[in-house]
Amino acid sequence: MSEVVVTDRSATALDERSLDLRRTIVRVLGAAGRGHLGASLSLVEILRVLFDDVMRYDPRNPKWSGRDRLILSKGHGCVALYVLLAEKGFFPMEELWKFCRFDGILGGHPDPKIPGVECATGSLGHGLPIAVGMAVNARYERSGRRVFVVLGDGECNEGSVWEAALSAGKHKLDNLTALVDYNRQQSYGSTHEVLELEPFADKWRSYGFNAVEVDGHDVAALRDALASPAGDANKPRAVICHTVKGKGVPFAEHNPAWHHKSRLKDDDVQALLGALGNV
């Protein structure tokens, strides 16, 4: 595919499905009164395309051995994952409204007790190492399983990410795809201020990956990036998804105040829904 990067990802239009997924995310956070808003909203199209168009899975049999594996390494964006899992039928939609409650299964970070979740994440830097192990195992078993791991950009400050990337390149794991939610915002500052990542795609290439850059809110571009041949054979793939933290809510976009809310008020929820076109 041609590498197309949209500099102003705020301008990327969202279709009704993307808006509706975001409205559900906001309602889930509103029911709990807390959670990571910005990180969940930047992930929507990445997860949507994986579930709608790319991965093999069976929600009636979440442990089906032939399923593709997905690890949400940036576990704090879990509400986006939960909404997709519920929509696809891994568990009843009613569970969403018990997010972060003692009588529910959905916690503030993914847990393997949740159908459709492969492993516990949220302690950043662990997802790619686990994904490498899964990809090696799939090759050993001569399985057609693919492994997808979604990382945060700030997470890529962790040395364990690059140690795992070296291993993936060494073993030529062409069944592994790393997708980076590159919204350029960490919890306490921009990636540029905290620890510069650029030249980011070139770093992945130097570790033996086929790396492409894409507008992470452009559904068609994501489909193209994940459906097209990976480039050089026998290499893992890195898809650098240029996104906006808080995408879809103008007053939350690029705004670190919306990274996490521990007291999300009804007025906040209504303002968020209004910005997302709730009627």
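User: Which residues of H3 are buried?

Analyst: This is a predicted model. In it, the buried residues of H3 are Cys78, Val79, Ala80, Leu81, Tyr82, Val83, Leu84, Leu85 and Ala86.

User: What makes H3 mostly covered?

Analyst: The count does. H3 has 11 residues, and 9 of them are buried. To be buried, a residue must have under 20% relative accessible area.

User: Which elements do the buried residues of H3 pack against?

Analyst: They pack against H1, H2 and E1. After H3 comes Gly89, with a positive phi near 95°.

User: Which residues make the contact between H1 and H3?

Analyst: H1 brings Arg17, Leu21, Thr24, Ile25, Val28 and Leu29. H3 brings Val79, Ala80, Val83, Leu84, Glu87 and Lys88. By class, that contact has 8 nonpolar, 1 polar and 3 charged residues.

User: Why is H4 called roughly parallel to H5?

Analyst: Use the angle again. The axes of H4 (residues 127–140) and H5 (residues 159–170) cross at roughly 20°. Angles under 35 degrees count as roughly parallel. The value is under that cut-off, so H4 is roughly parallel to H5. The two axes come within 8 Å. The crossing of H4 and H5 is left-handed.

User: Which residues of H4 and H5 meet?

Analyst: On the H4 side they are Leu128, Pro129 and Val132. On the H5 side they are Ser160, Val161, Ala164, Ala165, Ser167 and Ala168. By class, the contact of H4 with H5 has 7 nonpolar, 2 polar and no charged residues.

User: Why is Ser73 called buried?

Analyst: Its relative accessible area is 1%. The cut-off for buried is under 20%. The value for Ser73 is under the cut-off, so Ser73 is buried. Ser73 lies in the loop between E1 (69–72) and H3. Leaving aside neighbours within four places in sequence, its contacts include Thr121, His126, Leu128, Val149, Leu151 and Glu155.

User: How far apart are the C-alpha atoms of Ser73 and Ser190?

Analyst: They are separated by 19 Å. Along the chain, these two residues are 117 residues apart.

User: How do you know that Thr177 is buried?

Analyst: Compare the value with the cut-off. Thr177 has a relative accessible area of 9%. Buried means under 20%. Thr177 is in strand E3 (residues 176–182). Beyond its neighbours within four places in sequence, Thr177 is in contact with Val147, Phe148, Val149, Leu226, Arg237 and Val239.

User: Which residues have the most contacts inside the largest nonpolar core?

Analyst: They are Leu47, Leu50, Leu70, Phe91, Val150 and Leu179. This core has 56 residues. Helix H2 (residues 37–54) gives the most to it, with 10 residues. Leaving aside neighbours within four places in sequence, Leu50 is in contact with Met55, Leu70, Phe148, Val150, Leu179 and Leu226.

User: How many residues are in the second, separate core?

Analyst: That core has 29 residues, including Ala168, Ala211, Ala238 and Ile240.

Key
Residues numbered from 1 in each chain as written. Predicted model: local features only at pLDDT ≥ 70, side-chain atom pairs only at ≥ 80, totals over all residues. Heavy atoms only, no water. Axes fitted to C-alpha atoms, helices over the stretch in contact; angles between N-to-C directions. Helix = DSSP H or I, 4+ residues; strand = E, 2+ residues; numbered from the N terminus. Parallel < 35°, antiparallel > 145°, perpendicular 65-115°, else oblique. Left-handed = near helix turned anticlockwise from the far one by under 90°. Contact = heavy atoms within 4.5 Å. Nonpolar A, V, L, I, M, F, W, Y, C, P; charged D, E, K, R; others polar. Buried < 20%, exposed > 50% of the residue type's maximum accessible area, 1.4 Å probe, protein only. Core = buried A, V, L, I, M, F, W, Y, C linked by side-chain atoms within 4.5 Å.
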